[in-house]
Amino acid sequence: MAIAEAKIQEHVGVVSERIEGPDAVCKQMIRHWCEVMQDANPLYSDEEYAKSSKYGEIIAPPMQVQVYTMSPLWPAEEREPSPMERLVALLDQEGYSSIVATEQGQEYFAPMKVGDVISYTISVHKVSPEKMTVRGPGYFVTFLYTFMNQRDEVVCKQTFTILAYNSISNE
């Protein structure tokens with residue numbers, strides 16, 4: 001049974017508090033990323049090349065933005081639940097407890113430089129009406145992350161869409 005539209009819409013557009021990442025942008029994490037991704041872009045590793053670029057110094061790969069904001073696994077961080085977490089909890093409570101990621105998009109605005117501290121806000125961007133999918137009835141939910149540096153420059157905007165569905169009703 002679908003959740004009342006008004007109950008869902010209470011969550012749309014609500015922006016979280018600003019959440020600061022625990023790690024500053026650093027050469028070591030840039031190096032690890034480049035090794036794993038096999039990315040040889042000299043902007044990320046060659047100081048002489050980077051100095052002669054429009055950035056004037058080494059920058060981090062833009063796709064790495066979330067790396068610097070990931071909460072530690074231990075000890076557990078205590079903070080108010082984000083709008084995303086509150087909506088996911090509501091969906092779970094209403095029986096839409098199975099989740100699969102369906103899409104992610106990123107748009108980049110400012111480079112991340114060594115020493116930058118990245119923080120973010122998150123909001124529920126949009127929620128589809130209930131849809132019947134092959135997995136069962138569910139909602140496509142898109143979250144919007146806005147990543148900023150310590151100078152309040154927007155570094156990246158990221159959309160992340162999930163399907164929260166009720167797998168029991170499909171059995």
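Is Gln38 buried or exposed? Gln38 counts as exposed, because its relative accessibility is 71% and the cut-off for exposed is over 50%. The model in which this residue is seen is a predicted one.

**Overall architecture**

The protein contains four helices and eight strands. Read from the N terminus, the order of elements is α-β-α-α-β-α-β-β-β-β-β-β. The C-alpha trace spans about 60 × 30 × 30 Å along its principal axes. Of the 171 residues in the protein, 37% are buried. Contacts between residues at least 6 apart in sequence were also sorted by separation, and 72% of them join residues at least 24 apart.

Charged side chains number 14 positive and 24 negative. The centres of these two sets lie 5 Å apart.

**The largest pocket**

The largest pocket has a volume of about 200 Å³. Its lining consists of 13 residues. Those nearest the centre of the pocket are Gln66, Thr69, Arg79, Tyr120 and Tyr145. Two or more lining residues come from each of the elements α4 (83-93), β5 (117-127) and β7 (136-148).

**Backbone features**

Most residues other than glycine have a negative phi, and most peptide bonds are trans. Some places in this model depart from that pattern. Gln38, in the loop between α2 (27-37) and α3, has a positive phi near 55°. Asp152 is not a glycine either, and its phi is positive at about 65°. Asp152 belongs to the loop between β7 and β8 (154-165). With a relative accessible area of 55%, Asp152 is exposed.

The peptide bond from Trp74 to Pro75 is cis, and its omega is near -10°. Pro75 is part of the loop between β2 and α4.

| Residue | Relative accessible area | Class |
|---|---|---|
| Gln38 | 71% | exposed |
| Asp152 | 55% | exposed |
| Pro129 | 52% | exposed |
| Glu57 | 33% | partly exposed |

Glu57 sits in the loop between α3 (47-51) and β2 (59-60).

Pro129 is found in the loop between β5 and β6 (131-133). Pro129 counts as exposed because its relative accessibility of 52% is over the 50% cut-off. Which residues does Pro129 touch, not counting those up to four places away in sequence? Pro129 touches Gly138 and Tyr139. Pro129 and Ala4 are 125 residues apart in sequence, while their C-alpha atoms are 10.0 Å apart in space.

Methods:
Residues are numbered from 1 along each chain as its sequence is written. This is a predicted model: local features need pLDDT of at least 70, side-chain atom pairs count only at pLDDT 80 or more; totals for chains, interfaces and linings use all residues. Side-chain values use heavy atoms; hydrogens and water are left out. Buried means under 20% relative accessible area, exposed over 50%, partly exposed in between (1.4 Å probe, protein chains only). Contact means heavy atoms within 4.5 Å. Lys and Arg count as positive and Asp and Glu as negative; His and the chain ends are not counted. The place of a charge is taken as NZ of Lys, CZ of Arg, CG of Asp or CD of Glu. On a 1 Å grid over the protein atoms alone, a cavity is a set of points where a 1.4 Å probe fits but cannot get out, and a pocket is an open set with protein on both sides within 12 Å along at least five of seven lines; lining residues have an atom within 4 Å of a point. Grid points are joined across faces, edges and corners, and a volume is the space filled by probe spheres set on the points.
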